[in-house]
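Hello,

Here is the structure I promised to pass on to you. Have a look at it first, and then read my notes below.

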Amino acid sequence: MRGPAAARSGGLDPGSAPLPLLRRIAALLLVAVLAGCGSTSPAAGSTDDPGPLRIGAIPDQDPEVLQRLHGTVADSLSTALDLDVEYVPVTDYAAAVSLFRTGDLDLVWFGGLTGVQARLQTPGAVPIAQRDIDEDFHSVFVVNAGTGLAPSDDLTPLGDLRFTYGSETSTSGRLMPAYFLAEQGVDPEGFPGGPGFSGSHDATLSLVASGSYQAGVLNEQVYESRAAAGEIDPAVVRYARTPAYHDYHWLLGPRAVERFGADLPDRLTGYFTGLSADVPADAEVLELFGAGSFVPTEAANYDQIEQIGRDLGLVN
Amino acid sequence: MTTVLDRAAPPAARLHRDRRRWAWALAGVVLVGWALAGSGLFSGPVLNPAGAGQAGRFLSAALRPELDGGFLRVVAGSTLVTLAYAVLGAGLAVLLGALAAVPVSRTAWGGRRTGWLLTRGVLALPRGLHEAVWGLLLVNVLGLDPWVGVLAIAAPYGAITAKVFADLLDEVPRGSYDALLAAGAGRGTAALYGLLPAASGGLLSYSFYRLECAVRSAVVLGLIGAGGLGYQLALSFTSLRWEQVWTTVYALALLCLLADVGGRAVRRRVAAPRRTGYRRDPLPAGAVLAVVAGVGWALWYLALSPAALVSARTREQLAYLGSAAWPPAVDGELLGDVWSTALDALRMSVLAIAFAAAGAVALAALAARPHGPAGPVRRTAGALTRLALLLLRAVPPPVWALVLLFVLLPGVLPGALALGVYTLGVLGRLVGEAVEEADRRPAEALRAMGSSPVGRWLYGSAPALAGPVLALSLYRWEVAIRDTVLVGLLGAGGIGVLLSARTSAFDWPAVTTVLAAIVLLTFLVDLVSDRARAALR
Amino acid sequence: MAAGERVAVVGASGAGKSTLLNVLNGAVTPAAGQVRVLGRDPTALRGRELRRLRARTGTVHQHLELTGALRVVHNVNAGRLGSWPASRAAWSLLRPQDPGTVRDALGRVGLADRMYERTDRLSGGQRQRVALARLLVQQPDLVLADEPASALDPALADLALGLLGDLATGRGGALLACLHDPALALRHCDRVVGLAAGRVVLDAPARSLTVVELERFYGVTR
């Protein structure tokens, strides 16, 4: 770990130190680092050892499958790009954004809104790729059968029900549904007792099934996969489907480009778009993400999300 | 032979009610009434019987936890991570607490009250924020460094430990300390020889108690992404894989149990030292050695490097956070939200404590280990009660919140009950221990006089336990108001909802305001609880 | 023991005095031998019957088993728990029942002015007198006293033993007191029983003994 030590030793001039004592302690501790017990630092600025490419994902769909099978993605990416790839587990949307900003995560699978938040906080971040289904993503509104509501495109009856979103910064479980509700004149924050935030798509389904919340909204992809597995409680009625919007995408941080070279974004885009369902190793990755294929994307695809995020006070 | 002594007839005694106590009792009743009124319990239905099936799925999964080999390996590894965080966090907290205890003790300040109050006020900041909130803030400065988990535990625990250590030092009899000062010893030396030996038992007991708590805190930190059991639990919890959730809960319960048993053994021995002559008693010494070895192992296991704390990146992120978070937001809408959610949090904490205290008292007789021989039915019932309490506190409050939300309509109540159930797990054990340690002689004497069991309880046990139970409940109230943030982070009401909303929107100025409000709220609850306990003494 | 008899039990520490009292009030079941208390065997009784017997036995303990957190009046009234129904016992904690009797009993031990104080605010001697007042209110037939005068000054010690003796013999009952002070034993009791290692080694009328003889029994040499 000579890299980080060398990088930091430049800051050890006691004359310029605002906190001389701290600096001295730091100097002492550096000895220990040089002795070989230091951990890998993501802040490495040296070029001879760029360290691993750290990838992560927001815990959105099947997080326990995604996070526990992370080896699949990391291995595939590592083989394809001849890079050292490390998968970093994250359980919290906001934490993923913060870790992207601090440089602990280089390449992250973000939702539409979290991607915008991360990009705005991290100048130089670039969108790499999205899934085929992300260009045409939908959410579904569900209601408890006890409400007696029949499927419809009219969202106004939902305004009088106890209603839960998923995570607060979920694009499909909060942001876009709130936008479409507002479009039809329903105050997205005005549900009786205020909207709930179940925390996950599965929790939304369960809460609506229980009837504690009479209605909710979730990612269509999750809904479909639960429906296909026969896991949806008969008390849950699919009520409406939102219009299409852009959602998930891979976002690359600027520090990774510094470390791995300016061609990294293109190499990554090439890797993702090149994944083919016909190659068994690739198919495994695609299946993990529930994708047919990955396609290129650009920042402009998320302008609408950014605007809605600003309107709802979720983007500052 | 009536009055033999020729002492002047004293004035007839009159029954005085202690006004102060009655005022506190009345205030307590009003507070609980206010909280109940605000919970919606009287204004409409709160139950949602249709959700019983969903809650039942959670409960029935307790009997069939996930036992797949791969998953068990993951859980075993995570248990070690949690243990490492707990040991390091508690170890650092005890170190910080011991260092800070001297400057915050009354002894050190003598008659200068202002200085003493000021130092105590400084402690309110780290103490007022929950470990999870510290974790959230530290992730933004330190990123993925293991220091996040360690410091998140050490900051609030260190402050609490400093306060408790200072109180212990202040309560030690001062005779030998004063004598040493009079004999010309310096203050430090006098404290070392005159105060420390007398206080060391209490200090050691409390340190081990903090280790037990740190295990549970380390899990909560995992929930927000610091790894370990909490992380595995969070993953399984988001997809509602209850079988997996229970496996992690059992692993956590086991860890808690080990810490409980070890800590209890040390506390017992400290309370009733064994005579070993000149040699040291092997149990406390061994326990301390084991903890020191554990700290060494944890340092290696987590690869904790002090360099990360002072790295350029840390400074950069600290500067970023500082400039983003200052000045705090003070717009009227936010302040209104802060006020109303703070009231909700207060309601939740009051309801939680009322529920937990009532439950703990009801279960106390069963939870306490029987004194002397007991039949197999009593022993089994006692063991089952203690196991149930262990599980109640091993399941983190956010999980309770979701499960209760299945059977209760949304509002303050599910969050309050979630906290209440969790607190019952902690308080039930503490009250059970108070029962075990209570003086049995008054009740035995009443039995010898032919009193009925009810009479014995009323005149012998209850009066002696009322004080400790109320004091413990008030103390847990301080903890519960901090914990409301925890259920709020997952959307069960209270000021935590606001904090969660503002942090996920990265609205740092508003976050500063909300955090300040939380610290203030905790500080006020601390103050009230402290006064109430003083009135009870 | 005969009705109206006052017996002093003497013996060095650990001779078995407290054990004897505990056997008599039913707190300890003897491993061998027979026990007869007020004509009944406490080890053979259960439930209500046992409680009735115990209500007729009054014990003053060495360690003063009063409830410190209660006011004096409640601790004295606790002497009546054997005869009060639970509801009255509970109500009395809010509104002390029969305060006249309590005041009277406390008056006899010189503590009438402390009636409403918290018991743990009293000195050791005062607490011992509260325990005596409790006994006065209980009106037992058999009084068992374990060092009832240990924390009292000589004048109060005389008062205490006098009270106990009156209490027991006045109603045709009996007093059994473990005592350390030979002079007190001789002054207030009719009969002296000496214990050593759990066995009776002395049983004589008080009149036939002198203080010096008894002191020798305790191991005092002059």
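What follows is a short tour of the chains and domains. Please keep in mind that this is a predicted model.

Let's begin with how the chains meet. Two pairs of chains touch, and the pair with the most contacts is A and B. Chains A and C, on the other hand, have no contact joining them; their closest C-alpha atoms are 43 Å apart.

Next, chain A. The chain is divided into domain 1 (2–37), domain 2 (53–135 + 247–311) and domain 3 (138–241). As you can see from the ranges, domain 2 is written as two stretches, 53–135 and 247–311. The centres of domain 2 and domain 3 of chain A, taken over C-alpha atoms, are separated by 27 Å. To their contact, domain 2 of chain A gives 14 residues and domain 3 of chain A gives twelve residues. On the domain 2 side, the elements giving two or more residues are α5 (93–102), α6 (112–121) and α13 (303–311) of chain A. That side of domain 2 of chain A has six nonpolar, six polar and two charged residues.

Now for chain B. How many helices and strands does chain B have? There are 21 helices and zero strands. Its radius of gyration is 25 Å, close to the 24 Å that the globule rule gives for 537 residues, so chain B is as compact as a globular protein of that length. Along the principal axes, the C-alpha atoms of chain B fill a box of roughly 85 × 65 × 55 Å. Of the 537 residues in chain B, 50% count as buried.

Enjoy exploring!

How values were computed
Residues are numbered from 1 along each chain as its sequence is written. Chains are lettered from A and ligands numbered from 1 in the order in which they are written. This is a predicted model: local features need pLDDT of at least 70, side-chain atom pairs count only at pLDDT 80 or more; totals for chains, interfaces and linings use all residues. Two residues are in contact if their C-beta atoms, placed from the backbone, lie within 7 Å. Domain bounds come from an automatic or database domain assignment. Helices (H or I, at least four residues) and strands (E, at least two) are DSSP runs, numbered from the N terminus. Ala, Val, Leu, Ile, Met, Phe, Trp, Tyr, Cys and Pro count as nonpolar, Asp, Glu, Lys and Arg as charged, and the others, Gly among them, as polar. The radius of gyration is taken over C-alpha atoms; the globule rule is 2.2 Å times the number of residues to the power 0.38. A residue is buried if 20 or more other C-beta atoms lie within 10 Å of its own, exposed if 12 or fewer, and partly exposed in between; C-beta atoms are placed from the backbone.
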